[in-house]
Amino acid sequence: MSQMKHIDNTPSTPDHLLLPLLSRQISIGGTHVSAALKRRGDGVLGLDNFNDYYDPYLKRARQALLERTGVYIVEGDINDVALLNKLFDIVPFTHVMHLAAQAGVRYAMENPSSYVHSNIAGLVSLLEVCKSSNPQPAIVWASSSSVYGLNTKVPFSEKDMTDQPASLYAATKKAGEEIAHTYNHIYGLSLTGLRFFTVYGPWGRPDMAYFFFSRDILKGKSIPIFEASNHGTVARDFTYIDDIVKGCLGALDTAEKSTGSGGKKKGTAQLRVYNLGNTSPVPVSDLVSILERLLKVKAKRMIMKLPRNGDVQFTHANISLAQRELGYKPTTDLQTGLKKFVQWYLSYYSNGKKSAQ
Ligand SMILES: NC(=O)c1ccc[n+]([C@@H]2O[C@H](COP(=O)([O-])OP(=O)(O)OC[C@H]3O[C@@H](n4cnc5c(N)ncnc54)[C@H](O)[C@@H]3O)[C@@H](O)[C@H]2O)c1
Ligand SMILES: O=C(O)[C@H]1O[C@H](OP(=O)(O)OP(=O)(O)OC[C@H]2O[C@@H](n3ccc(=O)[nH]c3=O)[C@H](O)[C@@H]2O)[C@H](O)[C@@H](O)[C@H]1O
């Protein structure tokens, strides 16, 4: 993790934050969601610590993109309670979209404490501030399909067991769901957790397979493709970012309807968890074939036994609850979504941008 750059005073607040706004949101992490909220007329303030888990140039490019649309991003850590209090004093946020986390299942074996810092301690700091703020904001936060862990009964439904995480990342996401329960139970915070299923698309994460496979296929480097020791398929319910954004907006709007923008009496606020997936798992080997066609380069495939590194073999979402309650309806298949990713990737890295890590 990088040294966090703490700002010692809140930067001059852009005028738009002080205007009477239809809805005032704080979005933590989450470039695409922030941009979509801004496009539809919500007031949005971003927060990110810009750590160096992956390519910092990419994070700064996303920031520049957002700032061109009028979304200002404060540089700071969710563990910085003084900073959060200051922001909540300036802006009476009605909603918090909390997408900041230490992501990645395999990196948890290298740097476990970064998961505890952001996904557990950071979540608690944020909820402490939300609990005391007036109005109490409705909070929508990112959980993960990884909470289903070693559960092999697919498709995964929200009611299924989540008590056998396969990685520390998954364990911290599961802990986040339990922490949310506590803050809902004691303080009446309105909390909606979204279990995202392997999200991909333009401006995505360079540590994810679809992203670094593209880089390495273009470089002629071999790519390790994990194969299960039981010879079963290794597959993911890959979900395109635009579909996820619609699910996030649906969750924010549903939270608004059921809680209003004021604080709730204890015991009456909502606590919900939804799967946001695509309902069509694709084997990782097919992901590689699609990338080969789009990049017009043959991959050097290195088939490896799936190591015990935090990966699970198969994910598949049952999304009927999100469909019913959030109006969530993913429409992008992997071929279409990867085409958009590859177009972005080629244009981003051919424009003299630093190469992905
Ligand atoms: N991308 C996926 O496939 C996927 C799947 C399931 C769940 N999720 C979850 O969705 C959320 C967004 O994921 P993403 O892929 O966009 O990840 P990301 O790493 O690109 O975005 C998270 C952002 O949070 C920031 N951040 C991390 N720790 C912070 C802290 N302590 N304080 C302030 N900012 C901090 C990072 O700098 C980063 O910009 C995460 O919570 C992740 O765990 C992602
Ligand atoms: O939905 C989630 O909750 C998670 O989604 C994402 O995790 P994963 O589904 O594991 O994505 P990703 O690493 O891209 O691997 C994709 C596939 O490629 C396979 N894979 C991976 C690496 C490799 O070298 N070889 C390989 O075959 C690998 O076995 C897997 O089958 C997020 O990163 C994570 O933050 C989390 O939130």
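Author: What follows is a conversation about helix packing, ligand surroundings and some backbone details.

Reader: Before we start, what kind of model is this, and how are things numbered?

Author: This is a predicted model, in which local features need pLDDT of at least 70 and side-chain atom pairs count only at pLDDT 80 or more, while totals for chains, interfaces and linings use all residues. Residues are numbered from 1 along each chain as its sequence is written, chains are lettered from A and ligands numbered from 1 in the order in which they are written, and side-chain values use heavy atoms, with hydrogens and water left out.

Reader: OK, ligands then. Which residues are closest to ligand 1?

Author: The closest are D48, Y54, K59, Y169 and V199, out of 25 residues that surround ligand 1, where a residue counts as near if one of its heavy atoms lies within 4 Å of the molecule.

Reader: And which polar atoms lie by the oxygen and nitrogen atoms of ligand 1?

Author: A polar side-chain atom of D48 is 2.6 Å from an oxygen atom of ligand 1, and a polar backbone atom of V199 is 2.7 Å from an oxygen atom of this ligand. For a nitrogen atom of ligand 1, a backbone N or O atom of N49 lies 3.1 Å away. In a polar contact, a pair of N or O atoms is within 3.5 Å; within protein, one must be able to donate a hydrogen and the other to accept it, and residues adjacent in sequence count only if both atoms are side-chain atoms.

Reader: How many residues surround ligand 2?

Author: Ligand 2 is surrounded by 23 residues, the closest being R106, S144, S145, P224 and R236. A polar backbone atom of G104 lies 3.2 Å from an oxygen atom of ligand 2, and a polar side-chain atom of D311 lies 3.3 Å from an oxygen atom of ligand 2.

Reader: Y169 again! Where does it sit in the helices?

Author: Y169 is one of the α6 residues in the contact with α5, where the α6 side also includes L168, T172 and K173 and the α5 side includes P112, Y115 and N119; contact here means heavy atoms within 4.5 Å. Helices are DSSP runs of H or I with at least four residues, strands are runs of E with at least two, and both are numbered from the N terminus.

Reader: At what angle do α5 and α6 cross?

Author: They cross at roughly 15 degrees, and their axes come within 10 Å; the axes are lines fitted to C-alpha atoms, for helices over the stretch in contact, with angles running from 0 to 180 degrees between N-to-C directions. That is why α5 is roughly parallel to α6, given that angles under 35 degrees count as roughly parallel, over 145 as roughly antiparallel, 65 to 115 as roughly perpendicular and the rest as oblique.

Reader: What about α9 and α11, how do they pack?

Author: Helix α9 (residues 284-295) and helix α11 (residues 334-350) pack at about 50 degrees with their axes 10 Å apart, and they are therefore oblique to each other. On the α9 side the contact includes L287 and I290, and on the α11 side it includes L334 and Q335.

Reader: Changing topic, which residues are joined by a cis peptide bond?

Author: One cis bond joins N134 and P135, with omega about 5 degrees, and P135 lies in the loop between α5 (112-132) and β5 (138-144). Another joins V154 and P155, with omega about -5 degrees, and P155 is in the loop between β5 and α6 (168-187).

Reader: Why point those out?

Author: Most peptide bonds are trans, and most residues other than glycine have a negative phi. T279, a residue other than glycine, has a positive phi near 60 degrees, and T279 is in the loop between β11 (271-276) and β12 (282-283).
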